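Please read the numbered points alongside the sequence and coordinates.

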Amino acid sequence: MEMVTTFSSSLSSSPLVYPKIKLGTVFTPQIKQLHGLTSSSRISTSLPKQALSSRSRVPIRCPVKCSVSEATEARTEKSQLMRRQDIRNIAIVAHVDHGKTTLVDAMLKQAKVFRDNQVVKERIMDSNDLERERGITILSKNTSITYKDTKINIIDTPGHSDFGGEVERILNMVEGILLVVDSVEGPMPQTRFVLKKALEFGHAVVVVVNKIDRPSARPDYVINSTFELFIELNASDEQCDFQVIYASGIQGKAGLSPEKLGEDLGPLFESIIRCIPGPRIDKDGALQMLATNIEYDEHKGRIAIGRLHAGELQKGMDVKVCTSEDSCRYARISELFVYEKFNRVPVGKVQAGDICAVCGVDDIQIGETIADKQYGKPLPAIKVEEPTVKMSFSINTSPFVGREGKYVTSRNLRDRLYRELERNLAMKVEDGETADTFIVSGRGTLHITILIENMRREGYEFMVGPPRVITKRVNDQLVEPYEIATVEVPEEHMGAVVELLGKRRGQMFDMEGVGSEGTTFLRYKIPTRGLLGLRNAILTASRGTAILNTIFDSYGPWAGDIHTRDQGSLVAFEEGTTTSYALASSQERGQMFVSPGIDVYKGQIVGIHQRPGDLSLNVCKKKAATNVRSNKEQTVVLDTPLDYSLDDCIEYIQEDELVEVTPSSIRMCKNAKLTKKTR
């Protein structure tokens, strides 16, 4: 075993000697401190206190030395490719709600992207209405800043596992990632997923411990957990030497020590330039650019976005568009853009290494290569993991069809669904059993729900069935997808949550207490079927305090039957308008979805039955106005109806039920075709 000697300024008598522990044996974060890479929080408590104190006095302005970029440089000298030093391409990745979009906001403001008197919204990168409403990033976005004559292309990526396909594509465009980790929660499921992909690509990683100003922040735990995750994912020695930056995105401050944050994000910018290598390019080679993302503009048509791997791209240039060696076609570049600050800026030419947007190729698809007309060769195609959940989309067959929607026919529905495939690589669409039914497969229910919500806002009217998992047969054995579920729950509600997950065939493999707040982390391996409808049930069981995060793990043996709902539905008996008189007696049977004065139709679900099995009700019955009953009206007190969102409705429905989606309303109804079969 090799020995490493290091001297501490406060220990003059003898040097400190520690064994250098190789990957594959017991590997701890101590070696990082011995390289002088990070702050004192990187050392485990086994080091002498004197050594700790001498290290912690290192000022924030000290240069960041990164073995990652040095090792990468050494390897590239052997090849003909060269590094471009005036550009850095980075992706910012994190678990949902760990603050990466807020951190990008601070980076943009400090890089003087906006005028001093310019009014800027919060979470600038979440430009989509749906993203602002839900507070999550759904689509990846490009921007760039300039720091000390170096252009930094920044790509903000989604944090939710259902949009992992978007992240996988983006990793083709960058050389390094900023892994943003919450200072309390540490690495979460999506952090693991994205980090695994980035390490497979061989990207350099800078770890940003964000929200360091939280009262319950525990940076030591977070760094050690992140390091263990690197080891678990078979990271190389160079990748394990990651740089750590402590930051508060909302305050716009960063530093090399959690106790000593700088006045701005300077330490973060320095780390990006020093630790993340420039793009590796073939400057004089034949043109090659991989189309990693696609946008659509009403005036310019399809816009392909990607990184130029080799050569030079010019406006008006004739190019070859390749899918594989055999299938190529020719096109001409009509317009060329690069990302500067927060806008697309037209340019005459782009050199290898930069990220650009290209117009003029009307039929370009994600994963195709724009290459030199004469000598160009295609780059490897983008591979994205398979979907795990499917739902059926069909035309609206309710009596209220056409009242609110603009596009209602099966042709409209088909065109819109197949158009979605052009930019959403992780999604699949197949024709269903009938001509007006389509099976849409995605990475999770949220992935498909976002598509439904977008279509609804565009004026489409249709029906969707309940989510089902995609099963396979391996060696004549039925297998289904399993996910890792992480639940953060207060101790007093832990019993109810554990019981609920047990009923859903979940297997607990880890449990730990967190901080002084009395919160417990539970980790389960659970069939994807067991997660359908689980979010609402967990919130109910924990009085709204539990936080559930999930990510796809692997396919495993069929777990058996899982009951996701114990209660039946209350179904409207006839078409009409609901009345207070009828609802007063109906609410004794369960919780209602409708209030008085709402139009309903026969077969519509109007409430949740308090017992198993469905119950038909007449919610349109009017009080008889005969002379005998002409005495004083009684005051009717109605309960507040349940207000279910689109996500809630999709979680609620069972096999024989559908969700009717229109631009103005979301209703649930019984599936007439299945109801007839069961009679």
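1. Basis of the values. This is a predicted model, in which local features need pLDDT of at least 70 and side-chain atom pairs count only at pLDDT 80 or more, while totals for chains, interfaces and linings use all residues. Residues are numbered from 1 along each chain as its sequence is written, and side-chain values use heavy atoms, with hydrogens and water left out.

2. Nonpolar cores. A nonpolar core is a set of buried Ala, Val, Leu, Ile, Met, Phe, Trp, Tyr and Cys residues joined through side-chain atoms within 4.5 Å. Buried means under 20% relative accessible area, exposed over 50%, and partly exposed in between (1.4 Å probe, protein chains only). The largest such core holds 40 residues, and Ile177, Leu195, Val205, Val207, Val209 and Phe230 have the most contacts inside it. A second, separate core comprises 27 residues, including Ala94, Met107, Ala254 and Leu265.

3. Surroundings of Val209. Contact here means heavy atoms within 4.5 Å. When residues up to four places away in sequence are not counted, Val209 touches Val181, Ser183, Val222, Ile223, Val244, Ile245, Tyr246 and Ala247.

4. Helix H10. Helices (H or I, at least four residues) and strands (E, at least two) are DSSP runs, numbered from the N terminus. Helix H10 spans residues 266-275 and is mostly covered, with nine of its 10 residues buried. Among the buried residues of H10 are Gly266, Phe269, Glu270 and Cys275.

5. Six of the six residues of S25 (residues 437-442) are buried. Thr437, Ile439 and Ser441 point one way from the strand, and Phe438, Val440 and Gly442 point the other way. Two strands pair if DSSP finds at least two bridges between them. S25 runs antiparallel to S23 (residues 389-395), to which six bridges join it; Val389 has Gly442 as its bridge partner. S25 is also antiparallel to S24 (residues 428-431), through four bridges, and Val429 stands opposite Val440. S24 and S25 form a hairpin with five residues between them.

6. A four-stranded sheet. The open sheet has the order S35-S37-S33-S38, with mixed pairing. S35 (590-592) and S38 (615-617) stand at the edges with a single partner strand each, so one side of each is left without a neighbour in the sheet. The twist averages 30° from one strand to the next, where axes are lines fitted to C-alpha atoms (for helices over the stretch in contact) and angles run from 0 to 180 degrees between N-to-C directions. S33 (residues 569-572) and S38 run parallel and are joined by three bridges; Val571 has Ser616 as its bridge partner.

7. Glu480: buried or exposed? Glu480 lies in strand S29 (residues 477-490) and counts as buried because its relative accessibility is 0%. Its side chain makes a polar contact (a pair of N or O atoms within 3.5 Å; within protein, one able to donate a hydrogen and the other to accept it, and residues adjacent in sequence counting only if both atoms are side-chain atoms) with the side chain of Arg529 at 2.6 Å. A polar atom of the Glu480 side chain also lies 2.9 Å from the backbone nitrogen of Ala559.

8. Gly513. This residue belongs to strand S30 (residues 507-514) and is exposed, at 55% relative accessible area. Leaving aside neighbours within four places in sequence, Gly513 is in contact with Thr519 and Thr520.
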